[in-house]
Amino acid sequence: MFKHYLSIIWVRGLGALKADSEDTYLGTFWWVLEPLLLTAVFYLAFSTGLRGGDKGTSFVLFLMCGLFPFKWTASTINNSASAISNNKGILSQFYLPKWIFPTATNLTLTLRFFIVLPLLAFSVLLIGAPEDIHWLDIAPVVATQLILNLGLSYATAAVIPIIPDFSNIIPISITCLLFTGGIFFDIQERPENIQQILYLNPLTGIIECYRTSLLLGRETNLSALTYPFAFGLSLAAFGLITLKYFDRFYPRVM
Amino acid sequence: MKELLLNFQNVGVAYRKRLSIFSSKQWVLRGLNFKLYRGETLGVIGRNGAGKSTLLKLFANIIEPDEGEIYRSPNTSSQLLALNLGFNRKLTGKENAIMALVTNGSSIREAKARIQEIMQFAELEHIASHPLKTYSAGQRARLGFSIAIQAKPDILLLDEILGVGDKNFKEKSKKLIKQKLNSEQTVILVSHSPKTINNLCSKAIWIENGNIRAAGCAKEVTTEYLKD
């Protein structure tokens, strides 16, 4: 049975990815173009802003290391909100456990991120990689972010159909992740007490780790990943338990 | 004695009228008692708003009742035959078919092996690799039917007899459904039409205002329904 569920996740996840690439003239090219445009906008806004000192190619890389992973998490949250209601048709015909649908969403968006990730690596190489860079250092960072995304995804997918009011909070939550995640500023330059608050954002530590390994060539500080990992794991547990508890209630409110 | 598949005991379903914690509950179905045995064809008749759709959801094991109990024979699958299989308009007919077949219970390998035969039956081979958004409504319905009819649940749920597509295909699809009805397949058929129920079902129940108004032999139930 479980194997069958995995097959469903596989075909639906890949199907959504393929559908994503159809319907526009540029197709898959948008997966790369969109984060690049986002980086350009942030560069324009912040290279001369705030302290006015962040200019040049290193700031571009700095932004990319923040924005690319951010985009992955943000899309995951957005798409998970409607993961169950989008499959209303299927779910009113026969029983399927609901966790399948947010999981398929994660598969789609993770594969998409894996297409964007080489672009980040290529930019690092092009602009100037640190001498002692170890590409594999980002593996635990990506894995931690995947756990965090799964947690956010299950929790969002589980709660929104039951309490639709929360869908109003999603855009604000994503903006909050963006502004407090140290995506366009260096968190180390903030006062100590503010840093502590900013580190409550689980993305903050993750993005810092992307930067230490890709921009500074330092080994990933695994202890910095403990909090986002635990955060993701507990949200995933909460989400999965809620999905299970309301398993046969969702079809009533779709 | 035939195997008991479903046993409804005093089953009721209630919905909140509005999305508010102060909203009172409204009973859509209440006090339902009946049994379904393997191989039976049960007809469910009732007017609009009688609770038929909710009852179908209970049969399909999609929702749980708010009161009473439903016994289900272990490992019994039930499925509603429907044409809307959650198709993605951007994907091709073939891709949609594989996705729907796997979601419906096939393995990926099985789905790929059967795809040609299904497109052939749907008479859509020539446009199998076109995106679904280019299909006409009739073509989409034909694809939906051809996939849905592949499912082999223990209990097949039908919401009206589905005859889809143009005249030819309608005949073909109706014939296939009637074949299923006359086979060993356990079927629950929901319909407004006493004639359909009378022709195709052995037993029937009449649902009105969420209660069973009459139950028993299809002929008796439909005669009473017509008298009302």
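Q: Which residues have the most contacts inside the largest nonpolar core?

A: In this predicted model, the largest nonpolar core has 46 residues, and those with the most contacts inside it are A:Phe68, A:Phe70, A:Phe184 and A:Tyr210. Six helices of chain A, namely α2 (29-46), α3 (56-81), α5 (100-127), α6 (139-162), α7 (170-180) and α9 (202-214), each supply at least two of its residues. The largest share, 13 residues, comes from α3(A).

Q: Which residues does A:Phe70 touch, not counting residues up to four places away in sequence?

A: With those places left out, A:Phe70 touches A:Ile174, A:Leu177, A:Leu178, A:Ile183 and A:Leu203. There is also a second, separate core of 43 residues, which includes A:Leu150, B:Leu101, B:Leu124 and B:Leu143.

Q: How many aromatic pairs are found over all chains?

A: A search of the whole structure gives 21 aromatic pairs. To read one of them, consider the distance between ring centres and the angle between planes. For B:Phe34 and B:Phe59, the centres are 5.9 Å apart and the planes stand at 70 degrees, so the pair is edge-to-face; the angle is over 60, the cut-off for that class.

Q: Where in chain B do B:Phe34 and B:Phe59 lie?

A: B:Phe34 belongs to strand β2 (residues 25-37) and B:Phe59 to helix α1 (residues 52-59) of chain B.

Q: Which residues do ring pairs link into a cluster?

A: The cluster joins A:Phe42, A:Phe46, A:Phe179, A:Phe184 and A:Phe185 through ring pairs. A:Phe184 is also among the residues with the most contacts inside the largest nonpolar core.

Q: What area is buried between chain B and chain A?

A: The size of an interface is often given as the accessible area lost when the parts come together. Between chain B and chain A this area is about 2400 Å², and carbon and sulfur atoms give 58% of it. In chain B, the residues that lose the most area to chain A are B:Ile62, B:Lys90 and B:Thr103, together 27% of what that side buries. In terms of contacts, 31 residues of chain B meet 23 residues of chain A.

Q: Is B:Ser191 buried or exposed?

A: Relative accessibility decides the matter. B:Ser191 counts as buried because its value is 0%, and the cut-off is under 20%. This residue is in strand β7 (residues 186-191) of chain B. A polar atom of the B:Ser191 side chain lies 2.9 Å from the backbone nitrogen of B:Ser193. Leaving aside neighbours within four places in sequence, B:Ser191 has several contacts, including B:Val44, B:Lys52, B:Glu160 and B:Ile197.

Q: How many residues apart along the chain are B:Gly31 and B:Asn211, and what separates their C-alpha atoms?

A: B:Gly31 and B:Asn211 are 180 residues apart along the chain, with their C-alpha atoms separated by 6.5 Å. B:Ile115 and B:Val11 are 104 residues apart in sequence, and 40 Å apart in space, C-alpha to C-alpha. B:Gly31 lies in strand β2 of chain B and touches B:Asn10 and B:Val11, residues up to four places away not being counted. B:Ile115 is in helix α3 of chain B and counts as buried at 6% relative accessibility.

Key:
Residues numbered from 1 in each chain as written. Chains lettered and ligands numbered in written order. Predicted model: local features only at pLDDT ≥ 70, side-chain atom pairs only at ≥ 80, totals over all residues. Heavy atoms only, no water. Core = buried A, V, L, I, M, F, W, Y, C linked by side-chain atoms within 4.5 Å. Buried < 20%, exposed > 50% of the residue type's maximum accessible area, 1.4 Å probe, protein only. Helix = DSSP H or I, 4+ residues; strand = E, 2+ residues; numbered from the N terminus. Contact = heavy atoms within 4.5 Å. Polar contact = N/O pair within 3.5 Å; in protein donor to acceptor, adjacent residues only side chain to side chain. Phe/Tyr/Trp six-rings, centres within 6.5 Å; stacked < 30°, edge-to-face > 60°. Buried area = accessible area lost by both parts, 1.4 Å probe.
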